[in-house]
Amino acid sequence: MAALGPASAQPQPYRPGGPATSAATAINPTPEQAAQLRRALDNAQVHGFPVGAFTPRGNDNAALVAATLRYAKAVRTGRLPTSGFRQDWGLRPGAYDPAPGLAQAVASNRVQAWLNSLAPPYTGYQTLQKGLVQYREIRDRGGWSPLANVDLKPGATGPAVEALRERLAMEDPAVPEVTRVAPAGAPAGAARTIAVYDEAMAEAVSRAQRRFGYQPTGVLTAGIRAQLNVPVQQRIEQILANMERWRWLPQVLPEHRIQVNIADARLTVFEGDQPTMSMRAVTGKPGSETPMLHSTIHSIVLNPPWNVPAGIARNELLPKGRGYLAANGFRILPGGGLQQAPGPGSALGLIKFDFQNPYAVYLHDTPSKGRFASYSRLASHGCVRLEKPLALARHVLAGDPYWTPEQIDATIAGGKTTRAQVQRPVDVFLLYWTAYVTNDGQVNFRADPYGWDGLLMQRIAAAGGAVA
């Protein structure tokens, strides 16, 4: 529930040289190895980099190795300098010096294997690479034209329907040819026909709505039309921003973990590296952004009180008066803070999941269940509200001989605030994915609610990384 302000850090330009340059003089690849390095640099666009971004600054081996070290660092940990990270971009790549790895690869004649090991080893990254190729091809063919400001639903006819079909087919190969009918009043056998918005078109619109995180109604309205009108170059940059964030993850993800996609407001549980549970969530509204981070759930609080952050107390609750506070279980603490008593009406609901982080955020239950039915679920002060907190608590505490499902239920029913220590701590990742590929091979996009995609690409450019 903690509110987070937009604490921005100014990026500093990347300055080549230093240890990478000195290391380059000590690594001497063979001609065959040098050819492998050059091929990797020449194909840097597969990782989202512009053609020529890592062209060696000279013709000798030292220049080639120096360029390779720059490339390796960009592929492994990204192009954003530490000073370019916002304070609430708490998910950051570890330190990485590519020189020892390259030196060993040259010595053991495993240069290609080393090059192949640089990129994030995740399906999510690899599928975005394919998506990048797809959207660059769309761009190179001229992109798409914006749709007219016209709502359409089944039964509509005319050129706007034809334009919609063409637009949908740019991204969705399953869109069928448009159905045509004779205009009303036309004589039998008339040559002229017009496009009609039929059931197949409605299904194609529903698929597009799912790809963009909208309710799949099959009706073209302003919201989905705005997403379809986003220029293809902006979609490319969105893919690049998400590829960059994949590089901030550790090289090995824990098999047992919880992931929250902040932008999509959804939590997924992974067990044995396979998704086993998913639920809707409510994440931070713009201005109260949920931070990106990696931590570990160490305990679960049953019947938690809510210690209200000072800003929320001052700006939202105290102005409502003592009558409101008393009726809703709030009391003013001796030090002046505000606390809400535990219970079904508490803003934290009946369950809270604690993990160490500098932002004072956590996962928790909520008495306000109606928001989970909405496709727009960015409404919290920064914490993550859960659709199925009891199911998650039972999962996290599974195997604990004391905290059986029955004991969890009995403790909640008793009403006493109780902390359950987690015997098998669970890693939790709060991530910001606005572009990802689903099992059908389609790139899904979400709105960039915090403006972090655009900001990331701006800061990469300011640090000397061109966008392509």
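**A walk through the predicted model**

Val 111 counts as buried because its relative accessibility is 1%, where buried means under 20% relative accessible area, exposed over 50% and partly exposed in between (1.4 Å probe, protein chains only). Val 111 sits in helix α5, residues 111-116. Helices (H or I, at least four residues) and strands (E, at least two) are DSSP runs, numbered from the N terminus. Leaving aside neighbours within four places in sequence, Val 111 is in contact with Gln 33, Gln 36, Leu 37, Ala 105 and Val 106. Contact means heavy atoms within 4.5 Å. Ala 34 is 77 residues from Val 111 along the chain, and their C-alpha atoms are separated by 9.0 Å.

This is a predicted model, in which local features need pLDDT of at least 70 and side-chain atom pairs count only at pLDDT 80 or more, while totals for chains, interfaces and linings use all residues. Residues are numbered from 1 along each chain as its sequence is written, and side-chain values use heavy atoms, with hydrogens and water left out.

Now step back to the whole protein. It has 15 helices and 16 strands. Its C-alpha atoms fill a box of roughly 80 × 75 × 45 Å, taken along the principal axes. Of its 468 residues, 49% count as buried. Among contacts with a separation of 6 or more, 70% join residues 24 or more positions apart.

Next comes helix α10. Helix α10 (residues 232-246) packs against helix α15 (residues 452-462) at an angle of about 80°, and the axes are 9 Å apart. α10 is therefore roughly perpendicular to α15. Axes are lines fitted to C-alpha atoms, for helices over the stretch in contact, and angles run from 0 to 180 degrees between N-to-C directions. Angles under 35 degrees count as roughly parallel, over 145 as roughly antiparallel, 65 to 115 as roughly perpendicular and the rest as oblique.

Which residues of α10 meet α15? They are Glu 237, Gln 238, Leu 240, Ala 241, Asn 242, Glu 244 and Arg 245. On the α15 side stand Trp 452, Asp 453, Leu 456, Met 457 and Ile 460. By class, this contact has 6 nonpolar, 2 polar and 4 charged residues. Here Ala, Val, Leu, Ile, Met, Phe, Trp, Tyr, Cys and Pro count as nonpolar, Asp, Glu, Lys and Arg as charged, and the others, Gly among them, as polar.

α10 is mostly covered, with 12 of its 15 residues buried. Val 232, Ile 236, Met 243 and Trp 246 are among the buried ones. The cover includes α6 (123-140), α9 (222-228), β15 (435-437), β16 (443-445) and α15.

Asp 264 is found in the loop between β3 (257-261) and β4 (266-271). Its relative accessible area is 16%, so Asp 264 is buried. The side chains of Asp 264 and Arg 446 make a polar contact (2.7 Å). A polar contact is a pair of N or O atoms within 3.5 Å; within protein, one must be able to donate a hydrogen and the other to accept it, and residues adjacent in sequence count only if both atoms are side-chain atoms.

Arg 76 lies in helix α3, residues 61-77. Arg 76 is buried, with a relative accessible area of 16%. A polar atom of its side chain lies 3.1 Å from the backbone oxygen of Leu 118.
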